[in-house]
Amino acid sequence: MPEIEIGRARRGRRAYSFDEVSVVPSRRTRDLSDVSVGWQIDAYPFDAPLMTAPTDSVVSPASAQQFGKLGICAPLNLEGLWSRYADPAPQLAQIRGLSASEATPVMQRIYAQPIDPDLVSRRVAELADQGHTVAAAVSPDKAAQLAPVAVAAGLDILVIRGTTVSAEHVSSSREAINLKEFIHSLDVPVIVGGCANYQSALHLMRTGAAGVLVGFGGGASHRTANVLGVRVPMATAVAEVAEARRDYLDESGGRYVHVLADGSMGRSGDMVRAIACGADAVVAGAAFARAIDAPGQGFHWGPEAVHPTLPRGERVELGTVGTIAEIATGPSHVADGTMNLVGAIRRAIATAGYTDLKEFQRVEVVVTES
């Protein structure tokens, strides 16, 4: 890809966001009943190419059960309120009632409550009792401490999710986790990220990860670009990581690593574009935070929003549009792409003339220069 001169001393590549990319239908269309939107990671199949963002505003033990019934992977945040408080209902109500100016400092105090390993074990066991695939998320810093506890309690899928996760973290002050050794020590598939380019994705795939998260998450509540200056337009990021997946498939002799787009996808049209750029599934946070039966009840925040010294997110008010089931599978009462996400993805695949997600990744796309 040719580079563009920013100034005499610096050049950079042009990158594209989802709103600059559009899907082009082919010469044929398909009947909706002939389209499959299911996907599978390791031995665990799901009915929809969606994974919820592991945020307290979206996933609780109760909402995880609803997502499970819909065939959607819903990782519980093992560093969230449910691992800090036996009953976090008062804390959730307080967060929802905060003004915008007081939200961040008060939430920092609420999340200062230490994580209780016994609660971690109890929450995972509670999810396992529901009879659905049990997924949970940790940050790279807490993975070595919390993951073994969760696996012992019945965890099926582990998500290691951070603003940026690398296969090689260098530190002069403490021993960093060896991601490859850690993943191979676990008996469960691991999804890890985020990353945003070919090389970092390839390194993560070589650790033995079953899936790689592309992006930095939290499109609606994330402020990493403002705080750290870190941002990569998602259409380009997903396409680059999809290329790494193809090359790693050859390099490893046939090992397929799933690519999950994570961030900047609040509406179904963006999710369709993510799959068209090469994603196997997408991570939905703000989309489900709009559910009236989500823990946030129209408010949304991520783990970055409560960092004790450098928050890179904020609690945002999105409002509500319907239930979790309506947002996932309809019926929709609005025409803005915030409801019936699965139905929209299925119709897009049918309109373009394909029958499943892997075929749809070959669809023609066009770029509109902004």
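Are Tyr-354 and Phe-360 buried or exposed? Tyr-354 is buried, and Phe-360 is buried too. Buried means under 20% relative accessible area, exposed over 50%, and partly exposed in between (1.4 Å probe, protein chains only).

1. Basis. This is a predicted model, where local features need pLDDT of at least 70, side-chain atom pairs count only at pLDDT 80 or more, and totals for chains, interfaces and linings use all residues. Residues are numbered from 1 along each chain as its sequence is written, and side-chain values use heavy atoms, with hydrogens and water left out.

2. Aromatic pairs. Rings of Phe, Tyr and Trp (its six-membered ring) pair if their centres lie within 6.5 Å; planes under 30 degrees apart count as stacked, over 60 as edge-to-face and the rest as tilted. The count by this rule is three aromatic pairs. Phe-67 and Phe-288 have ring centres 4.9 Å apart and planes at 80°, so they pair edge-to-face. Phe-67 counts as buried at 0% relative accessibility. Phe-288 also counts as buried, at 0%. For Tyr-354 and Phe-360, the centres are 6.2 Å apart and the planes at 75°, so this pair is edge-to-face.

3. Helix packing. Helix 4 (residues 117-129) packs on helix 5 (residues 143-152) at about 40°, with axes 8 Å apart. Helices are DSSP runs (H or I, at least four residues), numbered from the N terminus. Axes are lines fitted to C-alpha atoms over the stretch in contact, and angles run from 0 to 180 degrees between N-to-C directions.

4. Contact residues. Helix 4 contributes Pro-117, Val-120, Ser-121 and Val-124; helix 5 contributes Leu-146, Val-149 and Ala-150. Contact means heavy atoms within 4.5 Å.

Technical notes: Helix = DSSP H or I, 4+ residues; strand = E, 2+ residues; numbered from the N terminus.
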